[in-house]
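Hi everyone, thanks for coming along. Let me put the model up on the screen, and then we can walk through it together.

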Amino acid sequence: MFDKVLVANRGEVAVRVVRALRELGVCSVVVYSDIDKNTLAVQLADESVCIGPTPSAQSYLNIPAIIGAASSRKAQAIHPGYGFLAENATFARICADNGLVFIGPSPEAIEMMGDKNVARETMMRIGVPTVPGSDGSLETPEEAAVFAEKVGYPVLIKASAGGGGKGMRIVESPDQLESLFNAAKAEAQAAFGNDEVYLEKYLLRPRHIEIQVLADTHGNALHLCERDCSIQRRHQKLVEEAPSPAVSPELRARMGETALMAVREVGYVGAGTVEFLLDTNGSFYFMEMNTRIQVEHPITELITGTDLIKEQIRIAAGEPISFVDRAPFEPNGHAIEFRINAEDPANNFWPSPGAVTALSVPGGPGVRLDTHLYYGYTVPPSYDSLVAKLVVWGTTREEAIARGRRALDELKIEGIKTTIPFHKKVVDEQDFNAGLAHTDYIPTHEQVLL
């Protein structure tokens with residue numbers, strides 16, 4: 001096991017990693033931008049280093065500064081969290097060149113599966129069905145128009161180098177293509193430092209199902225059931241649950257084995273997620289693979305009794321998966337995650353930075369809150385708006401929903417607007433309670449939810 005690990009991220013994920021390191025008996029070093037000097041992660045870490053000014057390009061994406069901080073504090077490894085440099089193969093390679101362990105997959109695996117075009121080609125080669133897509137990245141709107149005319153509208157523009165809804169646009173007609181194509185490229189460049197995009201045929205009202213996978217250097221690879229991430233706004237997930245109401249044990253086994261085919265094909269090591277679209281006929285199509293830990297990993301932890309962050313760290317240190325003897329997993333109960341963003345749902349989810357003037361945290365059986373908020377903390381306008389993840393578990397889906405309803409009522413965050421009112425409407429909505437959500441759930445329920 002490592003003696004010291006640097007956490008190259010911020011917010012709730014930095015807090016999550018610091019806590020996992022503390023439980024493993026590993027010293028933590030957190031890097032931060034100047035505006036983040038008072039964050040909870042900095043307060044909880046054993047050591048901290050300022051790596052630059054507020055803009056992420058000069059701090060959390062500043063590879064030389066991060067490597068310098070790790071070297072100066074004699075860290076042995078770097079945990080990238082999610083976002084920022086978590087899926088950057090160049091960063092992983094530079095870590096290795098400087099004698100640092102990147103807590104994630106190899107640069108080669110990131111390049112193969114982190115690049116959406118290469119991932120699709122890899123899955124097609126091993127016989128996994130994929131959504132029809134362009135052959136590689138597209139440079140101009142004119143190239144995109146040729147593909148769109150071939151498969152028919154609507155089409156989906158997607159960033160090749162990242163996820164989380166960044167660099168993604170739905171194009172419903174030819175007159176929208178040029179402006180949305182250019183907007184997607186610009187957003188991809190700002191988010192990932194890479195403006196490459198490609199196109200896919202857009203499936204109407206599928207479910208977004210993802211399989212959590214783990215693989216170590218000892219030849220062990222397993223999946224930990226599925227997550228249903230269908231409730232999204234502009235491709236940003238807002239509510240996730242595990243297991244999916246739409247996935248039978250037989251379908252779970254098939255999707256899990258398909259995900260493991262991808263893991264074995266690329267020699268993947270670490271935690272990752274293979275994402276699929278599930279249509280109304282029960283057919284599933286490979287969408288992409290996220291070569292990192294996911295925001296929604298807590299719901300998998302609750303239904304499998306595992307700690308995925310600790311497993312990431314153990315695997316990177318050369319240890320085998322600690323619970324491999326318990327696979328294959330069947331879900332134990334039901335878990336739901338509500339993403340609490342500093343946004344105003346009543347004002348088109350407009351960002352709402354500012355000082356937290358009051359904070360009341362829910363508790364009781366089956367309730368977990370992952371957050372970096374505290375009374376008096378000021379949410380900056382400079383980064384992602386995620387401020388907390390409210391996660392609930394119940395023996396049944398019905399109990400988990402009831403518990404979520406109760407916990408949302410207990411959670412009070414004042415001084416900023418949040419998505420709590422939106423989530424309260426979701427848990428009372430008829431189709432959600434019936435397990436009928438799909439990727440167009442929010443647009444088709446706007447009158448009820450918004």
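E10 and E11 run antiparallel and are joined by four bridges; I call two strands paired if DSSP finds at least two bridges between them. Before I go on, this is a predicted model, where local features need pLDDT of at least 70 and side-chain atom pairs count only at pLDDT 80 or more, while totals for chains, interfaces and linings use all residues. Residues are numbered from 1 along each chain as its sequence is written, and side-chain values use heavy atoms, with hydrogens and water left out. As for the labels, helices (H or I, at least four residues) and strands (E, at least two) are DSSP runs, numbered from the N terminus.

Back to our pair. E10 and E11 make a hairpin with two residues between them, and Arg-234 in that turn has a positive phi of about 50°.

Buried here means under 20% relative accessible area, exposed means over 50%, and partly exposed is in between, with a 1.4 Å probe and protein chains only. E11 (residues 236-242) is mostly covered too, with six of its seven residues buried.

That brings us to the nonpolar cores, meaning sets of buried Ala, Val, Leu, Ile, Met, Phe, Trp, Tyr and Cys residues joined through side-chain atoms within 4.5 Å. The largest has 43 residues, and Leu-214 and Ile-313 touch the most other members. Among the elements giving two or more residues to this core are strand E1 (4-7), strand E10 (221-233) and helix H11 (308-316). The top contributor is H1, with eight residues. Ile-313 touches Met-1, Phe-2, Ala-20, Leu-21, Leu-24, His-79 and Ile-103, not counting residues up to four places away in sequence; contact means heavy atoms within 4.5 Å. Apart from this core lies another, of 34 residues, with Leu-373, Val-379, Val-387 and Leu-411 among them.

Now a look at Ala-400, which lies in helix H12 (residues 397-410). Is Ala-400 buried or exposed? Ala-400 counts as buried, because its relative accessibility is 0%. Leaving aside neighbours within four places in sequence, Ala-400 is in contact with His-334, Ile-336, Val-392, Trp-393 and Gly-394. Ile-336 is 64 residues away along the chain, yet the two C-alpha atoms are separated by 6.8 Å.

Next, a separate sheet. Three strands form an open, antiparallel sheet in the order E7-E6-E8. The edge strands are E7 (169-171) and E8 (197-201), each pairing on one side only. Neighbouring strands are turned by 30° against each other on average, direction ignored. Strand E6 (residues 155-159) pairs with E7 over three bridges, and Leu-156 has Ile-170 as its bridge partner in E7. Helix H7 (residues 141-151) packs on the sheet, touching E6 and E8, and its direction makes about 10° with that of E8. Helix H8 (residues 174-192) lies across E6, E7 and E8, running at about 170° to E7. For these angles, axes are lines fitted to C-alpha atoms, for helices over the stretch in contact, and angles run from 0 to 180 degrees between N-to-C directions.

That's my tour, and I'm happy to take questions.
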